[in-house]
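Thanks for coming, everyone. I'd like to walk you through a structure, so please have a look at it first.

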Amino acid sequence: MTQQNPQSVTKDQDAVHSETFLARQRKRSIAIAITLAVLVVMFYLLTIVKMGPALFSRPL
Amino acid sequence: MGARVEDYFALLKPRLMSLVVFTAVVGMVLAPAGVHPVVGVISIFCIAVGAGASGALNMWYDADIDAIMSRTKNRPIPAGRLDKTSALGFGLVLSVFSVSMLGLAANWLAAGLLALTIFYYLVVYTMWLKRTTAQNTVIGGAAGAFPPIIGWVAVTGSVSLEPVLLFLIIFLWSAPHFWALSLYKKSDYEAAGIPMLPNVAGERATKVHLLIYNVLLAFAGFAPAGFGFAGPAYGVTAILLGIVIVALSLRLFGVEGAEMRRRARTLFLFSLSYLFIAFAALLVEALALKFFGIGQ
């Protein structure tokens, strides 16, 4: 039976943990980006609906 | 290791959120005025986010008791997947966002009612009543009953009798719904130290309370048809639903132990269908009237 070096086991675990951490962080960043994009679209549409065509024909 | 996106989503109590969205849509559709589709969709979105925010704040405050009960121990905070501070921040940001956005999109009365709902659910129900009185579900039920009023107000800008009747239906529905749950999950609530009616007043008193509330619910459920703002199709549906829920409440008497718990679970599940079917009937009838003139 071969014995595993405890230090290499810890390193492997750390690598798995950091990979999981990065994957979760990446998913969170994507979720935040999507949320921000939705907000931009929402504010844009709401501005158009609330102000209507007058938004484009008002005096500057 | 960092929370997953799914954990943040779970904080919003998506199932409760879907009920809130559904009842708010019914409130909006029944309102006797039109609303621009964009404003309507954004208003519903805000109401949903506001409900999710109260869910997140509730999980932040209740993390200690959630860890004890089997139904809630896998929630993100007690399971150790998310820290309390993140949940608090998430809930507060969503609360401020949803209220402000609803004010800008619809009107400030609707936004004020949404703010009141969040405050009521977090402070009055979660922080104060839930751990101190067995009447917690009665008074706390008001928080879940506000969405149809908010939907109505988002369209009309004012409150009238019709949304108040919808409020009354959900208000009278929520207490017996959770009493049925507490009858078959009694030990869970006991372990967590939450004073639910079966633990404080006993099973018989709970059954009596449950029956009285469900009789009142059956009458309140018929009220929209009785007052003339819902049609005969809804009226018949409400009568049938009322008869079944009262019959299921009566079936709890005279049985104990596992059989009583089984019947309480059946009542709990039917109670969920009651609200869904009643509001779906109102919605279908209102849509049929608006788009096809059926029911006039």
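Let me start with a definition: two residues are in contact if their C-beta atoms, placed from the backbone, lie within 7 Å. With that in hand, which residues does B:I150 touch, leaving aside its neighbours within four places in sequence? They are B:A24, B:G27, B:I47, B:A110, B:L113 and B:L114.

Now some housekeeping. What you see is a predicted model, where local features need pLDDT of at least 70 and side-chain atom pairs count only at pLDDT 80 or more, while totals for chains, interfaces and linings use all residues. Residues are numbered from 1 along each chain as its sequence is written, and chains are lettered from A and ligands numbered from 1 in the order in which they are written.

On confidence, pLDDT is the predictor's own score for each residue, from 0 to 100. Chain B has a mean pLDDT of 92, with 99% of its residues at 70 or more. The model as a whole scores ipTM 0.75 and pTM 0.87.

Let's take chain B by its domains, whose bounds come from an automatic or database domain assignment. Domain 1 covers 8-158 and domain 2 covers 160-296. Their centres, taken over C-alpha atoms, are 21 Å apart. Each domain of chain B puts 26 residues into the contact between them. On the domain 1 side, α2 (14-30), α7 and α8 of chain B each supply at least two residues. Helices here are DSSP runs (H or I, at least four residues; strands are E, at least two), numbered from the N terminus. By class, that side of domain 1 of chain B has 15 nonpolar, eight polar and three charged residues. For the classes, Ala, Val, Leu, Ile, Met, Phe, Trp, Tyr, Cys and Pro count as nonpolar, Asp, Glu, Lys and Arg as charged, and the others, Gly among them, as polar.

Next, the inside. I call a residue buried if 20 or more other C-beta atoms lie within 10 Å of its own, exposed if 12 or fewer, and partly exposed in between, again with C-beta atoms placed from the backbone. A nonpolar core is then a set of buried Ala, Val, Leu, Ile, Met, Phe, Trp, Tyr and Cys residues joined through C-beta atoms within 7 Å. The largest one has 91 residues, and B:I150 is among those with the most contacts inside it, as are B:A110 and B:L114. Helix α9 (residues 161-184) of chain B gives the most to this core, 13 residues.

Why is B:L181 classed as buried? Because 21 other C-beta atoms lie within 10 Å of B:L181.

Helix α6 (residues 108-129) of chain B has a kink of about 35 degrees, centred on B:Y120. The bend is the angle between axes fitted to the seven residues ending at a residue and the seven starting there. The buried residues of α6(B) pack against α3 (37-61), α5 (84-105), α7 (136-145) and α8 (147-156) of chain B.

Finally, chain A: two helices and zero strands, with 0% of its 60 residues counted as buried. A:A23, in helix α1 (residues 6-51) of chain A, is partly exposed because it has 13 other C-beta atoms within 10 Å. As for the two chains together, 12 residues of chain A are in contact with 10 residues of chain B. The chain A side divides into six nonpolar, three polar and three charged residues.
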